[in-house]
Amino acid sequence: GEDTLSEMFQEVNTSLGNFKDEMIRQNLWESVVIIMGSDFGRTITPNSHGGTDHAWGGNYFMIGGSLKGGKILGEYPERLTEASDIWTARGRLIPTTPWDSVWNGVANWMGVRGDDELDFVLPNRDNFGKCAMFTDGQLFQNGQVSASDCLVRDSDGDGVPDGQDVCPDTPYWLPVRVDLSGCLHPTLQPTGATPSPVTTAAPVTTAPVSTPTLAPVPAPTSAPSLQPTSAPVPDPTSAPVPDPTLAPSPDPTPAPSPAPTEAPVPAPTEAPVPSPMPFNTGPTGTAVATVLDPDSTSTRVGITNTPDTTRAYDATTSKLLLKANPAGQPGFDVTPVWPQTIVHGIRVYTSSDSISRDPTYFILSGWNDVNGEWQVIAEGGLSLPSGRNSHRNPLGHITLSTPTQGDPDFYHEEVLFENTQLYSKYRVIFPGTERCVSQVELPGLKICSGAGVNCAESAHCCSGMCLGGTTCSA
(Lines give C-alpha, C1' and ligand atoms only; values in the text may rest on other atoms or scores of the structure.)
Protein backbone atom coordinates (compact mmCIF):
# COMPACT_ATOMS: atom_id res chain seq x y z
CA GLY A 1 0.00 0.00 0.00
CA GLU A 2 0.90 3.67 -0.18
CA ASP A 3 3.28 4.84 2.56
CA THR A 4 1.79 7.21 5.06
CA LEU A 5 3.64 10.32 6.28
CA SER A 6 4.34 8.71 9.66
CA GLU A 7 5.95 5.72 7.96
CA MET A 8 8.14 8.06 5.93
CA PHE A 9 9.25 9.84 9.11
CA GLN A 10 10.10 6.50 10.69
CA GLU A 11 12.19 5.53 7.69
CA VAL A 12 14.10 8.81 7.78
CA ASN A 13 14.64 8.49 11.52
CA THR A 14 15.98 4.94 11.21
CA SER A 15 18.36 5.94 8.43
CA LEU A 16 19.71 8.91 10.36
CA GLY A 17 20.12 6.77 13.46
CA ASN A 18 22.11 4.16 11.56
CA PHE A 19 24.30 6.87 10.05
CA LYS A 20 24.93 8.42 13.48
CA ASP A 21 25.89 5.04 14.98
CA GLU A 22 28.38 4.43 12.19
CA MET A 23 29.95 7.87 12.62
CA ILE A 24 30.33 7.22 16.35
CA ARG A 25 32.06 3.90 15.64
CA GLN A 26 34.49 5.76 13.37
CA ASN A 27 35.01 8.55 15.95
CA LEU A 28 33.73 11.11 13.44
CA TRP A 29 30.38 12.11 14.92
CA GLU A 30 31.81 15.19 16.67
CA SER A 31 32.95 16.45 13.24
CA VAL A 32 29.64 15.90 11.42
CA VAL A 33 26.59 18.15 11.08
CA ILE A 34 23.43 17.29 9.12
CA ILE A 35 20.98 19.97 7.99
CA MET A 36 17.53 19.20 6.64
CA GLY A 37 16.38 21.76 4.09
CA SER A 38 14.02 22.41 1.21
CA ASP A 39 13.75 24.94 -1.60
CA PHE A 40 10.26 25.86 -0.39
CA GLY A 41 8.08 25.71 2.69
CA ARG A 42 4.49 24.62 3.10
CA THR A 43 1.24 26.42 3.91
CA ILE A 44 -0.08 26.02 7.42
CA THR A 45 -3.64 25.66 6.10
CA PRO A 46 -4.79 22.65 4.05
CA ASN A 47 -5.81 22.66 0.41
CA SER A 48 -8.95 21.14 -1.04
CA HIS A 49 -7.39 17.68 -1.14
CA GLY A 50 -6.41 17.72 2.54
CA GLY A 51 -2.74 18.39 1.82
CA THR A 52 -0.70 21.59 1.79
CA ASP A 53 0.63 23.81 -0.96
CA HIS A 54 4.00 25.32 -1.65
CA ALA A 55 4.75 28.29 0.57
CA TRP A 56 7.67 30.31 1.91
CA GLY A 57 8.57 29.98 5.58
CA GLY A 58 9.12 26.59 7.17
CA ASN A 59 10.88 24.59 9.91
CA TYR A 60 14.16 22.72 9.57
CA PHE A 61 16.43 20.71 11.81
CA MET A 62 20.15 20.19 12.44
CA ILE A 63 21.81 17.20 14.10
CA GLY A 64 25.45 16.55 14.93
CA GLY A 65 27.83 15.46 17.66
CA SER A 66 29.10 18.97 18.45
CA LEU A 67 25.81 20.87 18.29
CA LYS A 68 24.27 22.72 21.22
CA GLY A 69 21.18 20.58 20.84
CA GLY A 70 17.70 20.88 22.29
CA LYS A 71 17.19 24.49 21.19
CA ILE A 72 14.81 26.28 18.81
CA LEU A 73 16.52 29.18 17.08
CA GLY A 74 14.91 31.96 15.11
CA GLU A 75 11.68 33.82 15.84
CA TYR A 76 8.49 31.82 16.19
CA PRO A 77 5.37 33.65 14.87
CA GLU A 78 3.29 35.29 17.60
CA ARG A 79 0.10 34.42 15.71
CA LEU A 80 -0.68 31.69 13.19
CA THR A 81 -3.67 33.54 11.76
CA GLU A 82 -4.36 36.32 9.30
CA ALA A 83 -3.70 38.74 12.17
CA SER A 84 -0.01 37.91 12.00
CA ASP A 85 2.32 40.54 10.54
CA ILE A 86 4.08 37.85 8.49
CA TRP A 87 0.92 36.22 7.07
CA THR A 88 0.61 36.78 3.32
CA ALA A 89 -2.23 34.60 1.98
CA ARG A 90 -3.50 31.03 2.18
CA GLY A 91 -1.40 30.25 5.23
CA ARG A 92 1.89 31.37 3.70
CA LEU A 93 4.25 32.98 6.23
CA ILE A 94 7.21 35.23 5.54
CA PRO A 95 10.43 33.67 6.97
CA THR A 96 11.87 35.35 10.06
CA THR A 97 15.32 33.76 9.73
CA PRO A 98 17.31 33.67 6.48
CA TRP A 99 18.99 30.49 5.27
CA ASP A 100 22.23 32.46 5.24
CA SER A 101 22.04 32.67 9.04
CA VAL A 102 22.38 28.90 9.47
CA TRP A 103 25.12 28.57 6.89
CA ASN A 104 27.01 31.49 8.45
CA GLY A 105 27.40 29.51 11.67
CA VAL A 106 28.33 26.34 9.78
CA ALA A 107 30.92 28.27 7.76
CA ASN A 108 32.40 29.62 11.02
CA TRP A 109 32.59 26.09 12.38
CA MET A 110 34.38 24.91 9.23
CA GLY A 111 36.98 27.68 9.59
CA VAL A 112 35.66 30.70 7.68
CA ARG A 113 35.94 33.73 10.01
CA GLY A 114 36.63 36.96 8.12
CA ASP A 115 33.65 39.06 7.02
CA ASP A 116 35.15 39.43 3.54
CA GLU A 117 35.33 35.66 3.08
CA LEU A 118 31.89 35.08 4.61
CA ASP A 119 30.42 37.64 2.20
CA PHE A 120 32.01 35.69 -0.65
CA VAL A 121 30.68 32.34 0.58
CA LEU A 122 27.21 33.81 1.34
CA PRO A 123 26.54 36.57 -1.26
CA ASN A 124 23.12 37.47 0.20
CA ARG A 125 24.45 37.81 3.75
CA ASP A 126 24.55 41.60 3.74
CA ASN A 127 20.87 41.78 2.79
CA PHE A 128 19.91 40.80 6.32
CA GLY A 129 22.56 42.40 8.53
CA LYS A 130 25.43 40.71 10.33
CA CYS A 131 23.57 40.37 13.64
CA ALA A 132 20.86 38.31 11.90
CA MET A 133 23.49 35.64 11.29
CA PHE A 134 24.07 32.74 13.66
CA THR A 135 27.69 32.12 14.69
CA ASP A 136 29.35 28.82 15.47
CA GLY A 137 29.42 29.91 19.12
CA GLN A 138 25.60 29.82 19.09
CA LEU A 139 25.28 26.53 17.20
CA PHE A 140 28.21 24.39 18.34
CA GLN A 141 29.69 23.40 21.68
CA ASN A 142 33.21 24.00 20.34
CA GLY A 143 32.32 27.18 18.45
CA GLN A 144 34.74 30.09 18.70
CA VAL A 145 32.87 33.12 17.30
CA SER A 146 30.64 34.93 19.79
CA ALA A 147 27.23 36.33 18.82
CA SER A 148 28.41 39.76 19.99
CA ASP A 149 31.09 39.76 17.27
CA CYS A 150 28.34 41.00 14.95
CA LEU A 151 28.62 44.46 16.55
CA VAL A 152 31.77 45.26 14.57
CA ARG A 153 33.10 44.40 11.13
CA ASP A 154 36.19 42.23 11.12
CA SER A 155 37.16 41.80 7.47
CA ASP A 156 40.13 39.47 8.02
CA GLY A 157 38.64 37.52 10.93
CA ASP A 158 41.51 38.02 13.40
CA GLY A 159 39.23 39.30 16.17
CA VAL A 160 40.24 42.97 15.80
CA PRO A 161 37.63 45.45 14.45
CA ASP A 162 38.49 47.05 11.09
CA GLY A 163 38.71 50.52 12.63
CA GLN A 164 41.58 49.39 14.89
CA ASP A 165 43.22 46.85 12.57
CA VAL A 166 46.51 48.10 11.11
CA CYS A 167 47.31 44.66 9.67
CA PRO A 168 44.12 43.99 7.66
CA ASP A 169 45.28 40.72 6.10
CA THR A 170 46.35 38.74 9.17
CA PRO A 171 45.93 34.98 8.55
CA TYR A 172 43.43 34.12 11.27
CA TRP A 173 43.80 30.38 10.70
CA LEU A 174 47.34 30.34 12.17
CA PRO A 175 47.51 29.19 15.83
CA VAL A 176 49.21 32.37 17.04
CA ARG A 177 48.23 35.33 19.16
CA VAL A 178 47.33 38.59 17.49
CA ASP A 179 47.93 41.87 19.31
CA LEU A 180 45.33 44.60 19.75
CA SER A 181 46.36 46.31 16.53
CA GLY A 182 45.53 43.19 14.51
CA CYS A 183 49.12 42.14 13.84
CA LEU A 184 50.89 38.93 14.69
CA HIS A 185 52.30 38.79 18.21
CA PRO A 186 55.70 40.59 18.18
CA THR A 187 57.63 37.41 19.05
CA LEU A 188 56.22 35.69 15.97
CA GLN A 189 56.52 38.48 13.41
CA PRO A 190 58.92 38.15 10.46
CA THR A 191 62.48 39.39 11.01
CA GLY A 192 62.74 43.11 10.49
CA ALA A 193 59.07 43.81 11.11
CA THR A 194 58.24 46.57 13.54
CA PRO A 195 55.63 45.56 16.11
CA SER A 196 52.66 47.87 16.15
CA PRO A 197 51.92 49.67 19.41
CA VAL A 198 49.33 47.85 21.44
CA THR A 199 49.09 49.82 24.65
CA THR A 200 46.83 52.52 23.20
CA ALA A 201 43.85 50.17 23.31
CA ALA A 202 44.07 49.70 27.08
CA PRO A 203 44.05 53.16 28.68
CA VAL A 204 44.78 53.38 32.39
CA THR A 205 42.88 55.77 34.60
CA THR A 206 44.29 57.39 37.70
CA ALA A 207 43.25 56.30 41.14
CA PRO A 208 40.22 58.02 42.68
CA VAL A 209 42.33 59.84 45.26
CA SER A 210 43.24 63.49 45.70
CA THR A 211 46.90 63.23 44.74
CA PRO A 212 48.99 60.65 42.86
CA THR A 213 50.89 58.25 45.08
CA LEU A 214 54.04 58.25 42.98
CA ALA A 215 55.56 60.17 40.12
CA PRO A 216 54.77 58.76 36.67
CA VAL A 217 57.21 56.30 35.13
CA PRO A 218 59.34 57.73 32.29
CA ALA A 219 58.71 56.86 28.67
CA PRO A 220 58.77 53.13 27.82
CA THR A 221 62.23 51.62 27.62
CA SER A 222 61.46 50.21 24.19
CA ALA A 223 61.95 53.68 22.67
CA PRO A 224 65.55 54.21 21.47
CA SER A 225 67.70 56.65 23.40
CA LEU A 226 70.64 58.81 22.31
CA GLN A 227 72.47 58.09 25.55
CA PRO A 228 73.42 54.83 27.27
CA THR A 229 70.70 53.72 29.65
CA SER A 230 73.03 54.13 32.63
CA ALA A 231 73.50 57.84 32.02
CA PRO A 232 70.76 60.47 32.38
CA VAL A 233 69.31 61.64 29.06
CA PRO A 234 69.77 65.41 28.63
CA ASP A 235 66.78 67.66 28.07
CA PRO A 236 67.28 68.98 24.53
CA THR A 237 65.30 72.14 25.34
CA SER A 238 67.69 73.38 28.06
CA ALA A 239 71.42 73.92 28.48
CA PRO A 240 73.38 71.07 30.06
CA VAL A 241 73.91 71.36 33.80
CA PRO A 242 77.51 70.79 35.00
CA ASP A 243 78.01 68.02 37.50
CA PRO A 244 78.94 69.73 40.82
CA THR A 245 80.85 66.63 42.00
CA LEU A 246 83.46 66.89 39.24
CA ALA A 247 86.75 68.78 39.68
CA PRO A 248 86.61 72.32 38.24
CA SER A 249 88.09 72.76 34.80
CA PRO A 250 91.36 74.72 34.62
CA ASP A 251 89.71 76.95 32.07
CA PRO A 252 87.51 79.37 34.06
CA THR A 253 85.25 79.82 31.06
CA PRO A 254 84.80 76.37 29.60
CA ALA A 255 83.13 76.13 26.25
CA PRO A 256 79.59 74.81 26.36
CA SER A 257 79.06 71.21 25.39
CA PRO A 258 78.30 70.79 21.70
CA ALA A 259 74.70 70.14 20.77
CA PRO A 260 73.94 66.54 19.92
CA THR A 261 74.28 65.82 16.23
CA GLU A 262 71.18 63.61 16.18
CA ALA A 263 67.64 64.87 16.42
CA PRO A 264 65.97 64.16 19.77
CA VAL A 265 63.85 61.05 19.89
CA PRO A 266 60.17 61.92 19.48
CA ALA A 267 57.84 60.95 22.25
CA PRO A 268 56.28 57.53 21.65
CA THR A 269 52.64 57.42 20.62
CA GLU A 270 51.78 54.64 23.04
CA ALA A 271 49.79 55.33 26.17
CA PRO A 272 52.06 55.99 29.17
CA VAL A 273 53.10 53.06 31.29
CA PRO A 274 50.98 53.03 34.46
CA SER A 275 52.59 54.39 37.59
CA PRO A 276 54.00 51.68 39.81
CA MET A 277 51.94 50.88 42.86
CA PRO A 278 53.26 51.94 46.28
CA PHE A 279 54.55 48.50 47.19
CA ASN A 280 57.03 50.07 49.61
CA THR A 281 54.28 51.09 52.03
CA GLY A 282 52.77 49.03 54.81
CA PRO A 283 53.82 45.50 55.79
CA THR A 284 56.54 43.64 53.96
CA GLY A 285 55.36 41.38 51.16
CA THR A 286 55.85 40.13 47.64
CA ALA A 287 54.30 42.09 44.79
CA VAL A 288 51.97 40.06 42.56
CA ALA A 289 50.00 40.79 39.41
CA THR A 290 46.84 39.83 41.31
CA VAL A 291 46.23 38.42 44.76
CA LEU A 292 43.64 36.11 43.17
CA ASP A 293 44.64 32.88 41.46
CA PRO A 294 42.56 30.12 39.82
CA ASP A 295 42.57 28.12 43.07
CA SER A 296 40.84 30.93 44.99
CA THR A 297 37.30 30.14 46.11
CA SER A 298 34.33 32.38 45.30
CA THR A 299 30.58 32.75 45.75
CA ARG A 300 27.97 34.68 43.78
CA VAL A 301 26.58 37.93 45.18
CA GLY A 302 23.35 39.68 44.17
CA ILE A 303 22.73 37.79 40.93
CA THR A 304 19.92 35.65 39.54
CA ASN A 305 21.89 33.49 37.10
CA THR A 306 24.40 30.79 38.05
CA PRO A 307 27.70 31.53 36.30
CA ASP A 308 31.04 30.03 37.23
CA THR A 309 32.53 33.05 39.04
CA THR A 310 36.03 31.56 38.89
CA ARG A 311 36.06 32.86 35.31
CA ALA A 312 36.60 36.32 36.77
CA TYR A 313 40.09 35.40 38.00
CA ASP A 314 41.17 32.34 35.99
CA ALA A 315 43.81 34.37 34.07
CA THR A 316 41.93 34.00 30.78
CA THR A 317 39.52 36.08 28.70
CA SER A 318 36.61 33.66 29.23
CA LYS A 319 33.38 35.62 29.68
CA LEU A 320 31.53 36.09 32.99
CA LEU A 321 27.96 37.44 32.78
CA LEU A 322 26.34 38.75 35.97
CA LYS A 323 22.55 39.27 35.94
CA ALA A 324 21.50 41.33 38.94
CA ASN A 325 18.66 40.68 41.32
CA PRO A 326 16.27 43.60 42.06
CA ALA A 327 18.90 45.25 44.28
CA GLY A 328 21.09 45.82 41.22
CA GLN A 329 24.38 44.99 42.94
CA PRO A 330 25.81 41.99 41.01
CA GLY A 331 29.25 40.63 41.82
CA PHE A 332 31.12 37.96 43.71
CA ASP A 333 33.03 37.26 46.93
CA VAL A 334 36.44 35.64 46.61
CA THR A 335 38.86 34.20 49.16
CA PRO A 336 42.50 34.12 47.98
CA VAL A 337 44.64 31.07 48.72
CA TRP A 338 47.19 33.32 50.43
CA PRO A 339 45.75 34.14 53.87
CA GLN A 340 46.74 37.82 54.16
CA THR A 341 46.98 40.24 51.23
CA ILE A 342 46.94 43.95 50.46
CA VAL A 343 45.49 45.27 47.21
CA HIS A 344 46.49 48.57 45.57
CA GLY A 345 44.30 48.54 42.49
CA ILE A 346 41.76 46.82 40.29
CA ARG A 347 42.00 45.86 36.61
CA VAL A 348 38.87 45.07 34.62
CA TYR A 349 39.11 43.42 31.18
CA THR A 350 36.37 43.76 28.58
CA SER A 351 34.49 40.68 27.41
CA SER A 352 33.29 39.57 24.00
CA ASP A 353 29.80 40.78 24.90
CA SER A 354 28.03 44.03 24.04
CA ILE A 355 29.53 47.33 25.21
CA SER A 356 26.22 48.07 26.96
CA ARG A 357 27.06 45.34 29.48
CA ASP A 358 30.46 46.80 30.41
CA PRO A 359 30.74 47.83 34.07
CA THR A 360 30.56 51.59 34.57
CA TYR A 361 31.27 51.58 38.32
CA PHE A 362 33.00 49.32 40.81
CA ILE A 363 32.85 48.80 44.57
CA LEU A 364 35.73 46.81 46.10
CA SER A 365 35.39 45.73 49.72
CA GLY A 366 37.59 43.65 52.02
CA TRP A 367 37.03 41.38 55.02
CA ASN A 368 39.29 40.31 57.84
CA ASP A 369 38.56 38.38 60.98
CA VAL A 370 39.69 41.25 63.21
CA ASN A 371 36.92 43.63 62.11
CA GLY A 372 34.43 40.90 61.22
CA GLU A 373 32.64 42.98 58.60
CA TRP A 374 32.99 44.19 55.03
CA GLN A 375 34.90 47.44 54.60
CA VAL A 376 34.92 49.44 51.37
CA ILE A 377 38.49 49.69 50.10
CA ALA A 378 37.80 51.74 46.97
CA GLU A 379 35.00 52.58 44.57
CA GLY A 380 34.66 54.73 41.49
CA GLY A 381 33.64 55.06 37.86
CA LEU A 382 34.92 52.90 35.03
CA SER A 383 35.26 53.74 31.35
CA LEU A 384 36.36 50.53 29.67
CA PRO A 385 37.79 50.55 26.14
CA SER A 386 35.36 49.89 23.31
CA GLY A 387 37.57 47.06 22.03
CA ARG A 388 36.36 43.56 22.80
CA ASN A 389 38.44 40.70 24.19
CA SER A 390 37.08 37.81 22.16
CA HIS A 391 37.45 34.50 23.99
CA ARG A 392 37.98 32.66 20.64
CA ASN A 393 37.77 29.29 22.37
CA PRO A 394 35.86 27.87 25.36
CA LEU A 395 38.70 28.59 27.79
CA GLY A 396 39.68 32.03 26.52
CA HIS A 397 43.09 33.53 25.84
CA ILE A 398 45.63 33.48 28.67
CA THR A 399 46.37 36.89 30.18
CA LEU A 400 49.94 37.68 31.20
CA SER A 401 50.06 40.58 33.67
CA THR A 402 52.73 41.93 36.02
CA PRO A 403 52.49 43.62 39.42
CA THR A 404 52.71 47.05 37.74
CA GLN A 405 50.95 46.49 34.43
CA GLY A 406 48.02 44.56 32.99
CA ASP A 407 48.44 42.47 29.85
CA PRO A 408 48.96 45.04 27.05
CA ASP A 409 47.64 42.56 24.49
CA PHE A 410 44.10 42.76 25.86
CA TYR A 411 41.65 45.64 26.38
CA HIS A 412 41.34 46.64 30.01
CA GLU A 413 41.19 49.52 32.45
CA GLU A 414 43.24 49.88 35.62
CA VAL A 415 42.41 51.99 38.67
CA LEU A 416 45.03 52.46 41.40
CA PHE A 417 44.39 53.59 44.97
CA GLU A 418 46.07 53.88 48.37
CA ASN A 419 45.61 51.02 50.80
CA THR A 420 47.74 49.46 53.56
CA GLN A 421 45.04 47.32 55.19
CA LEU A 422 45.36 43.52 55.17
CA TYR A 423 42.34 41.46 54.13
CA SER A 424 41.61 37.73 53.87
CA LYS A 425 38.80 37.95 51.28
CA TYR A 426 37.31 40.46 48.86
CA ARG A 427 33.97 41.46 47.39
CA VAL A 428 33.74 42.93 43.88
CA ILE A 429 30.49 44.63 42.86
CA PHE A 430 29.61 46.12 39.46
CA PRO A 431 26.30 47.98 39.99
CA GLY A 432 23.76 47.64 37.17
CA THR A 433 21.21 45.25 35.66
CA GLU A 434 23.56 43.07 33.61
CA ARG A 435 27.35 43.31 33.72
CA CYS A 436 29.87 41.28 31.76
CA VAL A 437 33.68 41.05 32.13
CA SER A 438 36.36 38.62 31.07
CA GLN A 439 38.90 39.12 33.86
CA VAL A 440 39.29 40.99 37.17
CA GLU A 441 42.74 41.44 38.68
CA LEU A 442 43.57 42.84 42.11
CA PRO A 443 47.27 43.80 41.97
CA GLY A 444 48.93 44.03 45.35
CA LEU A 445 51.02 42.19 47.94
CA LYS A 446 51.18 38.75 49.48
CA ILE A 447 52.15 39.53 53.06
CA CYS A 448 55.08 37.51 54.37
CA SER A 449 54.16 37.78 58.04
CA GLY A 450 50.92 38.01 59.89
CA ALA A 451 48.25 35.89 61.49
CA GLY A 452 47.30 32.77 59.60
CA VAL A 453 50.49 32.17 57.62
CA ASN A 454 51.50 28.52 58.01
CA CYS A 455 55.22 27.92 57.45
CA ALA A 456 54.59 24.22 56.94
CA GLU A 457 52.76 24.94 53.70
CA SER A 458 55.09 25.70 50.83
CA ALA A 459 52.32 27.74 49.20
CA HIS A 460 52.69 30.21 52.04
CA CYS A 461 56.40 30.79 51.58
CA CYS A 462 57.11 34.37 50.66
CA SER A 463 60.54 35.31 49.27
CA GLY A 464 61.99 32.33 51.14
CA MET A 465 60.73 33.53 54.52
CA CYS A 466 57.58 33.10 56.56
CA LEU A 467 56.10 34.07 59.91
CA GLY A 468 58.69 34.53 62.64
CA GLY A 469 61.59 34.75 60.20
CA THR A 470 61.78 30.99 59.69
CA THR A 471 63.27 29.99 56.37
CA CYS A 472 61.03 27.93 54.08
CA SER A 473 61.56 26.44 50.64
CA ALA A 474 60.09 28.53 47.81
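This briefing walks through selected surface, sheet, aromatic and salt-bridge features of the structure above.

The model is predicted, so local features need pLDDT of at least 70 and side-chain atom pairs count only at pLDDT 80 or more, while totals for chains, interfaces and linings use all residues. Residues are numbered from 1 along each chain as its sequence is written, and side-chain values use heavy atoms, with hydrogens and water left out.

**Helix α1**

- Helix α1 covers residues 5–25 and includes Phe-9; helices here are DSSP runs of H or I with at least four residues, strands are runs of E with at least two, and both are numbered from the N terminus.
- Leu-5, Met-8 and Phe-9 make a nonpolar surface patch of about 330 Å².
- Patches take residues with over 30% relative accessible area and no salt bridge, joining like charges within 9 Å and nonpolar side chains (Val, Leu, Ile, Met, Phe, Trp, Tyr) within 5 Å; the areas come from the Shrake-Rupley method with a 1.4 Å probe, and for residues only the protein chains shown count as cover.
- Phe-9 has a relative accessible area of 54% and is therefore exposed (buried means under 20%, exposed over 50%, partly exposed in between, with a 1.4 Å probe and protein chains only).
- A salt bridge joins Glu-22 and Arg-25, whose closest N and O atoms are 3.1 Å apart; the term requires a side-chain nitrogen of Lys or Arg within 4 Å of a carboxyl oxygen of Asp or Glu.
- Both Glu-22 and Arg-25 lie in helix α1, 3 residues apart, or about one turn of the helix.
- Glu-22 is partly exposed at 30% relative accessibility, whereas Arg-25 is exposed at 59%.

**An open sheet**

- An open sheet of 3 strands runs in the order β5-β17-β9 with antiparallel pairing; strands pair if DSSP finds at least two bridges between them.
- The edge strands, β5 (285–288) and β9 (341–343), each pair on one side only.
- β5 pairs with β17 (residues 444–447) over 4 bridges in the antiparallel sense, and Gly-285 stands opposite Ile-447 in β17.

**Aromatic pairs**

- The count of aromatic pairs comes to 5; rings of Phe, Tyr and Trp (its six-membered ring) pair if their centres lie within 6.5 Å, with planes under 30 degrees apart called stacked, over 60 edge-to-face and the rest tilted.
- The ring centres of Tyr-60 and Trp-99 are 4.8 Å apart and their planes stand at 45 degrees, so this pair is tilted.
- Tyr-60 lies in the loop between β3 (54–55) and β4 (62–64) and Trp-99 in helix α2 (residues 99–109), so their pairing ties together parts that are 39 residues apart in sequence.
- Tyr-60 is partly exposed at 33% relative accessibility, and Trp-99 is partly exposed at 30%.
- One aromatic cluster is formed by Tyr-60, Trp-99 and Trp-103.

**Salt bridges elsewhere**

- The whole structure has 14 salt bridges.
- Asp-115 and Arg-125 form a salt bridge with their closest N and O atoms 2.9 Å apart.
- Asp-115 is in helix α3 (residues 115–121) and Arg-125 in the loop between α3 and α4 (136–139), so the pair ties together parts that are 10 residues apart in sequence.
- Arg-357 and Glu-434 meet in a salt bridge of 2.6 Å, N to O.
- Arg-357 sits in the loop between β10 (345–349) and β11 (361–367) and Glu-434 in strand β15 (residues 434–437), so this pair ties together parts that are 77 residues apart in sequence.
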